[in-house]
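User: I have a structure open that I have never looked at before. Can you walk me through parts of it?
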2 protein chains.
Amino acid sequence: MQTYRAVHLIDRPQQEITADVFSIETATIPTPQDGEFLVKVTHLSLDPAMRGWMSSDENSYIPPVKLGEVMRASGLGEVVSSKHPDYPEGTKVLGMTGMQEYLISDGTGLNKIPAEIPAEAVLAVISLPGVTAYHGLYQVLQPKPGQTLVVTAAAGSVGSLVGQMAKNLGLRVVGVVGSEEKAQWITQELGFNAALNYHDQDFAEQLAAATPDGIDLFFENTGGVAQAPIFARMNAHGRIAVCGLIAEYNKDQPDPGPSWMNIIKRRLSIQGFTMPDHFDRFADYGQALGGMLMKGELKYRTHVIHGIENAPDAIKLLFSGDNKGKLIVEF
Amino acid sequence: MQTYRAVHLIDRPQQEITADVFSIETATIPTPQDGEFLVKVTHLSLDPAMRGWMSSDENSYIPPVKLGEVMRASGLGEVVSSKHPDYPEGTKVLGMTGMQEYLISDGTGLNKIPAEIPAEAVLAVISLPGVTAYHGLYQVLQPKPGQTLVVTAAAGSVGSLVGQMAKNLGLRVVGVVGSEEKAQWITQELGFNAALNYHDQDFAEQLAAATPDGIDLFFENTGGVAQAPIFARMNAHGRIAVCGLIAEYNKDQPDPGPSWMNIIKRRLSIQGFTMPDHFDRFADYGQALGGMLMKGELKYRTHVIHGIENAPDAIKLLFSGDNKGKLIVEF
C-alpha cells in the first residue's frame with residue numbers, strides 16, 4: 001500500500017508561526033468510491049490568509065482549522081484515479097486541497113483548469129491572488145482613469161496584480177514595498193509610476209511627492225507604519241479596500257488605526273473584504289483574468305519551494321517579506 | 001434707519017470654543033433690490049458641524065468661515081419686504097441664513113417652508129438633523145428588520161431621529177447617551193430597546209448584554225470611549241455610518257481609531273458622510289420626514305435659547321452635552 005504525507009495543525013501559533021504547530025503525518029493513499037476521484041496534488045499555494053485560519057477566532061470570516069486536522073491550503077492537482085464521470089483521469093483541478101499530497105473528492109469546491117495554462121500562472125494569477133486583486137479593485141475601489149491609487153505589499157501576489165490592472169485602466173499607481181529590489185521590479189518591469197520603501201525615514205515626504213494630487217484609492221494589504229501617512233493623504237470621497245494587514249497578524253495586540261476624523265472630513269469609504277464571501281464570482285473573475293494573462297497584460301513571478309516537508313517553514317516567508325513572488329510549493 | 005445684529009467670526013478656536021472668537025456687530029438693515037427680498041430671521045439652529053466650519057482646515061468638507069465674516073448657521077425666517085415675485089411678504093424660508101437677525105437673499109440656498117409646520121418642528125425634524133438622520137440610516141446603513149442598531153449621542157437631534165426611524169422599521173435599537181435623564185427619555189418616550197451611559201465603568205459589559213446578537217449597524221455621532229467597545233461587537237458584514245465625532249472635535253490631537261483587523265475579519269464597511277454632498281436630496285428627504293412627523297412617528301424636543309446675543313455661548317452646550325434637545329436660538 002502506498003502512503004502519502006499531510007501537514008496537520010496540532011497547535012495554534014501565539015504570535016509568529018513556529019515549526020511546532022505543525023506535524024507531518026503519513027497515511028495510506030485512499031481509493032475513490034462511486035462518484036469520487038483521487039487527486040494527486042502537484043502544487044500548493046501559500047497565502048497570508050493561512051495565518052488567520054490557524055487562529056482560534058471563531059468570529060473570523062471562515063472557521064479556523066481544527067486542531068489535529070490537515071492544514072487548509074489551496075492547491076492544484078491532477079485526477080489520477082476516478083469513479084466520477086465528470087472528472088476523468090488527467091483532469092486538472094484547483095481548489096482547497098489542503099496541505100497534503102493526495103485527497104479524495106466528489107468535486108465540491110474544486111474547479112477544472114485548462115491543461116494548457118502553466119501551473120505557476122494558475123496559482124499566481126487565476127487563483128486566489130488574482131480574484132482577490134480583481135474583486136478589490138473593480139468591485140470595492142471602483143477605479144476611474146486619472147485617479148491615484150496606492151497599494152501596499154505592491155510586489156506581493158495580490159498587490160502586483162492590482163497595480164498592473166490599475167495602470168491598464170489609466171490610473172496613476174504608487175506601490176509601497178519593503179526592499180529596493182521589489183521597488184525596481186514594480187517600476188521597471190510592471191510599470192508602476194512610483195515605488196516607495198516603507199522602511200525609509202522620510203516615507204511620508206516621499207509619498208507626498210509621489211502623489212501630488214492626493215490619493216483617491218488605497219488598496220491596503222499590510223497595515224503597519226505605511227498606513228497612517230497614506231490615510232492622511234486620502235482625497236475627498238476616497239475609497240479604501242482593506243484586503244490584508246500582514247504586519248498586524250503576528251502581533252499580540254494589533255496597533256490602533258488612524259483617527260476617524262478624516263473619515264468624516266473627506267467622506268471616506270472603507271470596506272473590508274475576503275474572497276470566501278464571493279465564491280460565486282470566481283468563475284467570472286477567472287475568465288477575465290485569463291483574458292488579461294493571454295494578452296500579456298499581467299506579469300508575475302513565483303518563488304517555488306520543493307517538497308511538502310518544506311511547506312511549514314516556507315509560510316514564514318510571507319510574514320518576513322523575504323519571498324520573491326507568489327509563494328508556491330511544488331511536490 | 002433701523003439696525004440689526006450679526007455674530008462675526010473674528011478668530012479661530014484652538015480647542016474649545018471661547019467667547020473671544022466671536023464679535024457681535026450692528027449694521028443697518030438693508031433694502032432689497034429687484035429680484036431680492038429681505039428675510040427677518042426668527043430662529044437659528046445650532047449644530048455640531050459649526051465647530052468644523054470655524055476651523056481653518058481647507059480640506060474639510062465645506063470651506064471654513066473666513067475671519068471677519070458672519071458666522072455660518074442654518075436658520076428659519078420670514079420675508080418682510082420683497083422685490084422678488086416668488087417670495088412675497090410672509091413667505092417662510094429655511095436655509096443657511098448665518099448668525100444674524102436680517103439678510104438679503106435672491107432665494108439661492110433657501111427653501112420655502114409651509115407656514116403650518118411649527119418652527120421648532122422644522123428645525124428639529126425637517127432641517128439638517130432630519131435629513132442627516134434619514135440619509136445616514138437609509139442610504140448608508142441600509143437597515144433590515146431584525147437587525148441590531150447602535151447609535152451614539154442617541155438623545156441628540158440626529159441620534160434621536162435615527163433611533164425612532166430604525167424602531168419603526170423593526171430593528172432592535174440601542175442608544176448610547178451621557179446621562180440618566182437622556183437614557184430615560186429615549187427608552188420611555190422614544191421606544192428605544194435599551195439606553196447605555198458611556199460614563200459607566202462597565203459600559204462594555206452593558207453593551208454586550210443589550211446586544212445579545214451582536215451589532216449589525218452603528219450610527220456614530222461621537223467618537224470617544226464608546227467607539228471601541230461598539231466596534232468590537234460588530235457582526236460580519238456590519239455597516240458603520242460615521243456622521244459625527246463630537247468627542248474628538250475639540251481635542252488638539254484626536255484619539256486613534258480601532259485596529260483595522262476587524263474590518264477584514266468581519267468584512268465591515270465604514271462610510272463617512274456630510275450633508276452638503278447631498279443637497280439634491282434634501283427636498284425628497286424633507287417630504288419623507290414631513291410625512292413621518294404628521295403620522296406622529298417622530299418625537300422631538302427642543303432646547304430654546306432667547307436672543308442672538310446668547311447664541312455664541314449656547315454653542316458650547318453641544319460639546320458639553322448639556323443641551324436637552326435640538327438647540328435653537330429664538331430671536
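User: Start with chain B. At what angle do the axes of H3 and H4 cross there?
Analyst: This is a predicted model, so everything here is computed from it. The axes of H3(B), residues 128-141, and H4(B), residues 157-168, cross at roughly 50° and come within 8 Å. That makes H3(B) oblique to H4(B).

User: Which hand does the crossing have?
Analyst: H3(B) passes H4(B) in a right-handed crossing.

User: And which residues meet in that pair?
Analyst: From H3(B) there are Pro129(B), Gly130(B), Thr132(B), Ala133(B), Tyr134(B), Leu137(B) and Tyr138(B). They meet Ser157(B), Val158(B), Leu161(B), Val162(B), Met165(B) and Ala166(B) of H4(B). By class, this contact has 10 nonpolar and 3 polar residues, and no charged ones.

User: OK, over to chain A. How are H3 and H9 placed relative to each other?
Analyst: H3(A) and H9(A), residues 282-294, have axes that cross at roughly 100° and come within 9 Å. The two helices are therefore roughly perpendicular, since angles of 65 to 115 degrees count as such.

User: What touches what there?
Analyst: On the H3(A) side the residues are Leu128(A), Gly130(A), Val131(A), Tyr134(A), His135(A), Tyr138(A) and Gln139(A). On the H9(A) side they are Phe282(A), Tyr285(A), Gly286(A), Ala288(A), Leu289(A) and Met292(A). This contact divides into 9 nonpolar and 4 polar residues, with no charged ones.

User: How are chains A and B related?
Analyst: Chain A can be laid on chain B by a turn of 180° and a shift of 0.0 Å along the axis, with an RMSD of 0.1 Å. The two copies are thus related as by a two-fold rotation axis. The same surface serves both copies, as 100% of the contact residues of chain A recur in chain B.

User: Back to chain A. Is H2 enclosed or exposed?
Analyst: H2(A), residues 119-126, is largely enclosed by the rest of the structure, because 7 of its 8 residues are buried. Those are Ala119(A), Ala121(A), Val122(A), Leu123(A), Ala124(A), Val125(A) and Ile126(A).

User: What about Phe231 in chain A, where is that?
Analyst: Phe231(A) lies in helix H7(A), residues 227-232. Phe231(A) counts as buried because its relative accessibility is 3%, and the cut-off is under 20%.

User: What does Phe231(A) touch?
Analyst: Not counting residues up to four places away in sequence, Phe231(A) touches Ile240(A), Pro258(A), Ser259(A), Asn262(A), Ile263(A), Leu268(A), Ile270(A) and, from the other chain, Trp260(B). The C-alpha atoms of Phe231(A) and Ile215(A) are separated by 8.5 Å, and these two residues are 16 residues apart along the chain.

User: Ile215(A) again: which residues does Thr148(A) contact?
Analyst: Ile215(A) is one of them. Thr148(A) is found in strand E8(A), residues 148-152, and counts as buried at 3% relative accessibility.

User: Last topic, backbone angles. What is the phi of Gln142(B)?
Analyst: Gln142(B) has a positive phi of about 50°, although it is not a glycine. Gln142(B) sits in the loop between H3 and strand E8 of chain B and is partly exposed, with a relative accessible area of 39%.

User: And the phi of His237(B)?
Analyst: His237(B) has a phi near 65°, a positive value in a residue other than glycine. The place of His237(B) is in strand E12(B), residues 234-242. His237(B) is partly exposed, with a relative accessible area of 45%.

Technical notes: Residues numbered from 1 in each chain as written. Chains lettered and ligands numbered in written order. Predicted model: local features only at pLDDT ≥ 70, side-chain atom pairs only at ≥ 80, totals over all residues. Heavy atoms only, no water. Helix = DSSP H or I, 4+ residues; strand = E, 2+ residues; numbered from the N terminus. Buried < 20%, exposed > 50% of the residue type's maximum accessible area, 1.4 Å probe, protein only. Contact = heavy atoms within 4.5 Å. Least-squares fit on C-alpha atoms with pLDDT ≥ 70 in both. Axes fitted to C-alpha atoms, helices over the stretch in contact; angles between N-to-C directions. Parallel < 35°, antiparallel > 145°, perpendicular 65-115°, else oblique. Left-handed = near helix turned anticlockwise from the far one by under 90°. Nonpolar A, V, L, I, M, F, W, Y, C, P; charged D, E, K, R; others polar.
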